[in-house]
Amino acid sequence: MNRQDISRNPDDPRLGFRAWLLTDTPSSRLHARCVAFYAGWLKLRSNTMAMVGLGILILLVLVAAFAPWLAPHDPLAQNLAGRLQPPLSESHLLGTDSLGRDILSRLIYGSRITLYIVALVALIAPIAGLLVGTIAGYAGGIVDAILMRITDIFLAFPRLVLALAFVAALGAGIENAVLAISITAWPPYARLARAETLTIRNSDYISAIRLQGAGPIRIITRHIWPLCTSSLIVRVTLDMAGVILAAAGLGFLGLGAQPPSPEWGAMIAEGRRFILDSWWVATMPGLAIFTVSLAFNLLGDGLRDVLDPKEGG
Amino acid sequence: MLDAAAPPKKIVEVRDLKMHFPIHAGVFRRRVGEVKAVDGVSFDIHEGETLGLVGESGCGKSTCGRAILRLYDITEGSVVIDGREIGHIPQKELRPLRPRMQMVFQDPQASLDPRMTVAAIIGEPLVEHTGLSRDARLERIYELMDAVGLNRNFANRYPHEFSGGQRQRIGIARALALNPKFIVCDEPIAALDVSIQAQVVNLLEDLQKRLGLTYLFISHDLSMVRHIASRVAVMYLGKVVELAPRDDLYETPLHPYTQALLSAVPDPDPASAEKVKRIILQGDVPSPANPPKGCNFCTRCPRVMPVCHHEEPAFTEVAPGRFVACHLHDGTKIPEAPAAAAADQQGDAT
């Protein structure tokens, strides 16, 4: 079936859902959005590396969701008799750590913690950045100067050092780690949102909307935010690798998730003592961090090609 | 044109409009000067007519159009649209007046939100100003699409799926949504192919006839302005140098700048084209941040006189309906209109 044949009879039931998604004449706004979304999906699908990244992330979500059924052992159950067993040993596919806990099970449960951190940071940081950036960009003048200088102050510190300072002040723990990472992650989003706002606010379609009498709140929420989101989404996916590493770094330094919780960074920290004799204890969580970070980066690259707002859709 | 017994109603009165943009420089962002984009412009537009506003790039024509619609906070002057002074009222009070005045933009791509469907773009003013139900709104959107010649089936497409001419039609439909009386057309055809330009101009003329619209048609295309406008104002460096009924202006331009501008219009007939003497201006347009003393045009005027360098020429009515700001015509004021009152009476004489 080629596209022309389909578009001639968009309502022909025989052609089904795919034709409905490919029609040239959408029948409603929702339909138009679905069509645009499907076109974006087709474009993303043609990018093999992005699909690999997406596949890994879907796998990660599934693993996290079904952890109790997938994990061969209890992640917290200790077995001092069977400590530091190498990979592929009996009933321990990836070996055991210094307390005899099954590394595979810990990795599987650890994916939940990683996803929890990633999801929360991906919600908090871009939204905070979007608010600050669009307000600064649209208001201009003194508001812009103040908000952007605050942003600059946050940007002046290395991310992990600032996060360390916040965790040290707030106390160790996974929620505080999320908060600390979010506090250090929002400034780049604010900058990005401000830059987008500056170009959008001077465009003719914003002039047209102002000519209709729309106020600043309506312009920001209805027109500037939707146009900023695509570049923010791309930035989020590219940033996630950094967030995972920051969370792992905090865990490694003992300021993130606390033992015995199977956080990947904390697992590396535990394995550090045996790294010369029992390499797998630190390597397996390291590989997990590497794989997930890579997956986010691949997906982010693919999304950047699809979500360019200038292309429309 | 409209020289019937009753004088046509003025729908737009612009008096001494000034739009200066500050220039900030240095560490402390001190104000070091200003760009005088529009510097004392006065004209009237009568109901149902098209006033052409021409001039070279950067002379302030677009700024003038935007300032009249209060997209900027104007520096000085007064703008009366449909009997209401809107020059300095806050945007909030302006909101209920917005439906009366709309704008068609130069770049049809840039004037449409790329994330919105055509129906959403055209329907937005309706959401903003009317309490129409969803269905009534959709009906009105379809009506508008019919009016500008867009296929109804395209209502849920995105702007990037359209050609330039179609996009401009979307922009026109949006401007028409609230039944405006006055539309500023800011170079609506400059970004279009020549073949499409004619279509869009014909559409604008057709809509004017059907809906009784009044246009301020900003353009640098002198031939197109000659086609569409009933009166023409010529701008140079932030000021209107000449304002006259179309035929008078094109046949006997009075200001040396208008003469130079018109001599640059290509003539399709090679025989007569050879006879026309091109007036080629020397030098560049001075910076609007630092305009010359006296007449703005004195640095490039082929007929410059000593007086031009120190005295600014007044914008006076030299013949019924014909205004010019040039010392060459200082002696030719029409007797019954004293120079001081001339600017206020300019509309009545046409």
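1. Two residues are in contact if their C-beta atoms, placed from the backbone, lie within 7 Å. On that basis, the contact involves 26 residues of chain A and 30 residues of chain B. On the chain A side, helix 3 (29–45), helix 10 and helix 11 (216–252) each supply at least two residues; helices are DSSP runs of H or I with at least four residues, strands are runs of E with at least two, and both are numbered from the N terminus. Helix 10 of chain A gives the largest share, 7 residues.

2. This is a predicted model: local features need pLDDT of at least 70 and side-chain atom pairs pLDDT 80 or more, while totals for chains, interfaces and linings use all residues. Residues are numbered from 1 along each chain as its sequence is written, and chains are lettered from A and ligands numbered from 1 in the order in which they are written.

3. Helix 5 of chain B (residues 164–176) has 13 residues. Of these, 11 are buried (20 or more other C-beta atoms within 10 Å of the residue's own; exposed means 12 or fewer, partly exposed in between, with C-beta atoms placed from the backbone). Among them are R167(B), I170(B) and L176(B). The buried residues pack against helix 10 (204–211) of chain A, and within chain B against elements including helix 3 (118–129) and helix 6 (194–211).

4. E128(B) lies in helix 3 of chain B. E128(B) is partly exposed because 18 other C-beta atoms lie within 10 Å. E128(B) touches Q212(A), G213(A) and A214(A).

Note on methods
The expected span of a helix is 1.5 Å times one less than its number of residues. Lists of a residue's contacts leave out its neighbours within four places in sequence.
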